[in-house]
Amino acid sequence: MSGEKIKAIYGTKDILPDEAVIWQRILSVVSRMASNYNYGFINPPIFEATELFTRGIGESSDVVSKEMYTFRDKGDRSLTLRPEGTASVVRSYIEHSLGARGGVFKVWYAGPMFRQERPQAGRYRQFYQFGIEAIGSSDPSLDAEIISLNRSIFSELGIDDLELSLNSIGMPGSREAHRQAFSDFINPMLGEFCGDCQRRFSTNPLRMFDCKEAGCQDRLAGAPVILDYISAEDREHFDRVLEFLELAGITYKIDKRMVRGLDYYTRTAWEIKSKRLGSQDSISGGGRYDLLVEQLGGQPTPGIGFAAGMERVILAMPDGAAGGSGRKTGVYIAIRHERFKTEAFKLSQALRGIGVPADLDYLGRSLKAQMKQADRSGLSHTMILAEDEMDRGAGIVRNLENSKQFEILLVDIYKMSGGHQFGEAIEKGEG
RNA sequence: GUGGGUGUAGCUCAGUUGGUUAGAGCGCUAGGUUGUGGCCCUUGAGGCCGUGGGUUCGAGUCCCAUCACCCACCCCA
């Protein structure tokens with residue numbers, strides 16, 4: 001009678017109610033902390049013109065060159081499911097002339113991103129990020145502010161065991177100078193590196209720093225690092241960022257070898273890693289993008305931001321914080337006899353009407369089974385409708401945590417709800 | 001795109017050198033308590049042993065193929 005089961009697409013997954021609770025907690029923390037720093041919320045579409053990403057992220061990046069979900073719509077336009085959020089926010093900033101409001105444009109966002117990579121621990125093809133962007137200033141204190149916000153969200157979620165790596169990759173000119181020096185350093189001994197590194201040397205030389213081979217690491221020991229090649233202005237900027245971070249009491253580790261994968265980054269770049277994760281241990285990453293607005297057709301405007309991966313944040317959260325333990329204030333209505341069903345339904349509506357969460361049995365099960373269900377429902381109380389008490393117009397309220405019970409007159413509940421019709425029904429002795 | 005691993009109940013997993021009705025724990029159902037959850041005891045339901053082919057008297061077990069998932073590489077959140 002049924003065909004083959006349809007399953008979720010490779011690399012995607014359902015966020016089931018238990019996990020959704022953790023989601024809501026994270027997003028409420030992000031929302032609250034963003035509000036503390038006076039960031040508003042923005043919600044761009046999840047698909048955009050393909051060109052936004054090819055121009056923004058860069059044709060040569062892995063994300064654009066081989067990981068995008070790109071398709072044509074019926075108007076033969078090339079569209080792409082967003083692989084990241086910053087490009088969309090910048091597009092929106094330009095499109096609505098948000099810079100004309102004066103001041104710095106500060107926003108946060110959250111939602112699904114799409115990259116066609118091979119899934120593994122902490123990596124999905126549809127994954128979720130929240131991100132924070134500040135467009136319109138190159139002031140170093142803004143760098144420190146947004147890094148602080150990044151850090152604070154994680155501490156608020158109880159995540160420790162984190163490592164904040166920081167670097168400045170300068171502006172494109174200094175990167176070119178470094179690239180040259182790096183090549184000159186490596187070239188004479190290129191043959192001694194592993195196969196992967198030899199390949200990286202031609203595609204993305206700085207990635208060689210990430211190689212896990214000990215031999216390669218040894219040979220890289222004295223290699224030129226980008227931080228030594230940045231301009232005096234970039235250096236000055238970076239030093240100021242460090243000062244502000246210290247003022248904010250934020251501990252960081254300068255990682256002179258850190259590079260970032262998206263082409264638009266300039267100057268300050270950072271990454272936060274968790275030791276609780278597997279191979280994909282980076283839970284957030286960000287940096288300045290002082291040339292991006294201009295690249296996407298706007299006035300030259302500096303910007304900075306970061307994105308964090310929800311799935312990885314959850315993996316990094318301590319187990320205790322992940323599972324909610326307490327009961328939610330509310331009432332599960334259990335009945336001793338089917339003839340109380342109508343009353344139970346009315347009561348549930350009245351309780352919900354006055355803001356008390358209420359639930360009841362829909363399967364016609366025994367009182368014992370209903371009590372069991374009440375226990376599992378996670379609600380704090382059961383209200384039992386049984387013969388003796390109902391004769392007096394009362395129900396039994398049982399606290400599911402300490403098992404204490406008392407009687408309550410149903411009319412009192414109906415009075416609170418403000419509807420007299422229910423109370424009348426009781427007085428007529430329907431129960 | 002490249003490697004390695006794993007597919008048996010809703011979940012986590014056992015399953016002997018191929019042998020007859022495929023098991024456990026947890027979860028779920030009903031009862032022990034004719035008016036009350038958690039602990040305990042009993043009971044019941046639930047499996048094309050991923051799929052297709054092959055070897056064999058006989059396959060969850062061996063062989064081939066295929067699909068799916070997981071982990072890692074690459075790269076990234």
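This report describes the domains, strands, selected residues and RNA surface of a predicted model.

Local features are given where pLDDT is at least 70, side-chain atom pairs count only at pLDDT 80 or more, and totals for chains, interfaces and linings use all residues. Residues are numbered from 1 along each chain as its sequence is written, chains are lettered from A and ligands numbered from 1 in the order in which they are written, and side-chain values use heavy atoms, with hydrogens and water left out.

## Domains

Chain A is divided into domain 1 (17-171 + 230-321) and domain 2 (328-427); these bounds come from an automatic or database domain assignment. The C-alpha centres of domain 1 and domain 2 lie 48 Å apart.

Helices (H or I, at least four residues) and strands (E, at least two) are DSSP runs, numbered from the N terminus. Two strands pair if DSSP finds at least two bridges between them. An open sheet with mixed pairing contains eight strands in the order 1-5-6-11-10-9-7-8. Its edge strands, strand 1 (40-41) and strand 8 (253-254), each pair on one side only.

How many residues of strand 9 are buried? In strand 9 (residues 266-274), eight of the nine residues are buried, and the strand is mostly covered. Here, buried means under 20% relative accessible area, exposed means over 50%, and partly exposed lies in between (1.4 Å probe, protein chains only).

Strand 9 pairs in the antiparallel sense with strand 7 (residues 162-168) over seven bridges. Within this pairing, Glu163 has Lys273 of strand 9 as its bridge partner. Strand 9 also pairs in the antiparallel sense with strand 10 (residues 282-288), over six bridges. Two residues illustrate this second pairing: the bridge partner of Trp270 in strand 10 is Gly286, and that of Glu271 is Gly285. In a regular strand the side chains alternate between the two faces of the sheet.

## A buried aspartate

Asp143 belongs to helix 5 (residues 140-156). Asp143 counts as buried because its relative accessibility is 0%. Leaving aside residues up to four places away in sequence, Asp143 touches Ser138, His237, Val241, Thr268, Arg288 and Ile304; contact means heavy atoms within 4.5 Å.

## Two loop residues with positive phi

Most residues other than glycine have a negative phi, and most peptide bonds are trans. Asn38 has a positive phi near 65° and is placed in the loop between helix 1 (17-36) and strand 1. Because its relative accessibility is 61%, Asn38 counts as exposed. Ser97 has a positive phi near 50° and is found in the loop between helix 4 (86-95) and strand 5 (105-114). Ser97 counts as partly exposed because its relative accessibility is 46%.

## Strand 15 and its partners

Strand 15 (394-399) is mostly covered, with five of its six residues buried. Strand 14 (residues 379-385) pairs with strand 15 in the antiparallel sense over four bridges, and Met383 stands opposite Val397 of strand 15. Strand 15 is also joined by five bridges to strand 16 (residues 405-409), and these two strands run antiparallel. In this pairing, Ile396 stands opposite Glu407 in strand 16. Strand 15 and strand 16 form a hairpin with five residues between them, and Ser403 in the turn has a positive phi of about 65°.

## The surface near RNA strand B

A residue is near a molecule or strand if one of its heavy atoms lies within 4 Å of it. RNA strand B is surrounded by 53 residues, the closest being Arg115, Arg207, Arg336, Asp388 and Ser403. Ser403 also lies in the turn of the hairpin described above.

Which helix gives the most to this surface? Helix 14 does, with seven residues. Other elements that each supply at least two residues include strand 6 (126-135), helix 7 (195-203), strand 10 and strand 15.

By class, the surface has 14 nonpolar, 14 polar and 25 charged residues. Ala, Val, Leu, Ile, Met, Phe, Trp, Tyr, Cys and Pro count as nonpolar, Asp, Glu, Lys and Arg as charged, and the others, Gly among them, as polar. Of the atoms of RNA strand B within 4 Å of the protein, 59% belong to sugar or phosphate and the rest to bases.

The table lists polar contacts, which are pairs of N or O atoms within 3.5 Å; within protein, one must be able to donate a hydrogen and the other to accept it, and residues adjacent in sequence count only if both atoms are side-chain atoms.

| Residue (side chain) | Atom of RNA strand B | Distance |
|---|---|---|
| Lys368 | base oxygen | 3.4 Å |
| Arg376 | phosphate oxygen | 2.3 Å |
| Glu389 | base nitrogen | 2.8 Å |
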